[in-house]
Each structure stands twice: as structure tokens, then as C-alpha cells.
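Dear colleague,

I am handing over the structure below, with the sequence alongside, and after it you will find an account of what was found. Please read the two together.

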Amino acid sequence: MRDPRDIIIRPIITEKGTKGMTENKYTFEVTIDANKHIIKKAVEDLFKVEVVKVNTIMVGGKIRGFGRNVGRRKDWKKAIVTLREGDSIPLFEGV
């Protein structure tokens, strides 16, 4: 079993994500090879909360140009985690 801090890369704090916090939904960037079961266990271990549901989305990297050179950003995975009623993650409080 990998360390939960290796699975969850960073929280995603956006306007849409902040609205989801009122419904106990928190958004994270996770490793591409992580599945819903691994993500659920990692969030429960890191933040000591109970996860009810996990939704995952693969986000394709955008094509970016820099002068004549054309490159591509990396693909990444987003996880939207729904917590049990009454639970919250203090990392997101006050955002």
C-alpha cells in the first residue's frame, strides 16, 4: 500500500469547487493510476473523515504554443470526494 500523500497530489480550490463544499464535496488532483477505492482510503487516512462517494474525471492536457514550438501539458486526474454529513476537511476552511 502506498502512502496516502503520494496518491493525493494537491487540493483544487476553484469557484466551482468552493460551491461544492456546501454539499460536503471536496476536489483533489490525484495520481492517474489511483482508483476510487484507493482515493477513498487515502482521504479517510489523511483527514480522519468518512467518505461516502468518490467521482473521478480524467482531464486531458491542453496544447500550448511557445513561439514556433508547440507542446502539450500533461494529462491529470481529478477526484471529487463526498463526505458524510457533519464531516469537513479543515484544510479547506476559510477559503
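In this predicted model, four strands form an open sheet in the order β1-β2-β6-β3, with antiparallel pairing. Two strands are said to pair if DSSP finds at least two bridges between them, while helices (H or I, at least four residues) and strands (E, at least two) are DSSP runs that are numbered from the N terminus. Because β1 (8–11) and β3 (51–59) each have a single partner strand, they stand at the edges of the sheet, and one side of each is left without a neighbour there. On average, and with direction ignored, neighbouring strands of this sheet are turned by 30 degrees against each other; the axes behind such values are lines fitted to C-alpha atoms, for helices over the stretch in contact, and angles run from 0 to 180 degrees between N-to-C directions.

Helix α3 (residues 36–47) packs on the sheet and touches β1, β2, β3 and β6 (76–83), where contact means heavy atoms within 4.5 Å. The direction of α3 makes about 120 degrees with that of β3.

Residues are numbered from 1 along each chain as its sequence is written, and side-chain values use heavy atoms, with hydrogens and water left out. Since the model is predicted, local features need pLDDT of at least 70 and side-chain atom pairs count only at pLDDT 80 or more, whereas totals for chains, interfaces and linings use all residues.

Turning to the pairing in the sheet, β1 and strand β2 (residues 25–30) pair in the antiparallel sense over three bridges. Ile8 stands opposite Val30 in β2, and the bridge partner of Arg10 in β2 is Glu29. On the other pairing of this strand, β2 and β6 are joined in the antiparallel sense over six bridges, and there the bridge partner of Tyr26 in β6 is Val81.

Strand β2 is mostly covered, as five of its six residues are buried; buried means under 20% relative accessible area, exposed means over 50%, and partly exposed lies in between (1.4 Å probe, protein chains only). Thr27, which lies in strand β2, is buried with a relative accessible area of 10%. When its neighbours within four places in sequence are left aside, Thr27 is in contact with Pro11, Ile12, Gly17, Lys78, Ala79, Ile80 and Phe92.

The largest nonpolar core has 18 residues, and those with the most contacts inside it are Ile8, Tyr26, Phe28, Ile39, Val43, Val81 and Leu83. Such a core is a set of buried Ala, Val, Leu, Ile, Met, Phe, Trp, Tyr and Cys residues joined through side-chain atoms within 4.5 Å. The elements that give two or more residues to this core are β2, α3, β3 and β6. Val43 touches Ile8, Phe28, Lys48, Val49, Val51 and Val81, not counting residues up to four places away in sequence.

The structure also holds one aromatic pair. Phe28 and Phe47 form this pair, which is stacked, at 5.8 Å centre to centre and with 20 degrees between the planes. Since Phe28 lies in strand β2 and Phe47 in helix α3, the pair ties together parts that are 19 residues apart in sequence. For the cut-offs, rings of Phe, Tyr and Trp (its six-membered ring) pair if their centres lie within 6.5 Å, and planes under 30 degrees apart count as stacked, over 60 as edge-to-face and the rest as tilted. Phe28 is buried, with a relative accessible area of 1%, whereas Phe47 is partly exposed, with 21%.

Asp87, in the segment after β6, is buried with a relative accessible area of 14%, and leaving aside its neighbours within four places in sequence, it is in contact with Asn24, Val49 and Glu50. Gly71, by contrast, has its place in strand β5 (residues 69–72) and is partly exposed, with a relative accessible area of 33%. Beyond its neighbours within four places in sequence, Gly71 is in contact with Lys62, Ile63 and Arg64.

As for the chain as a whole, there are three helices and six strands, which run α-β-α-β-α-β-β-β-β from the N terminus on. Buried residues make up 32% of the 95 residues in the protein chain.

With best wishes
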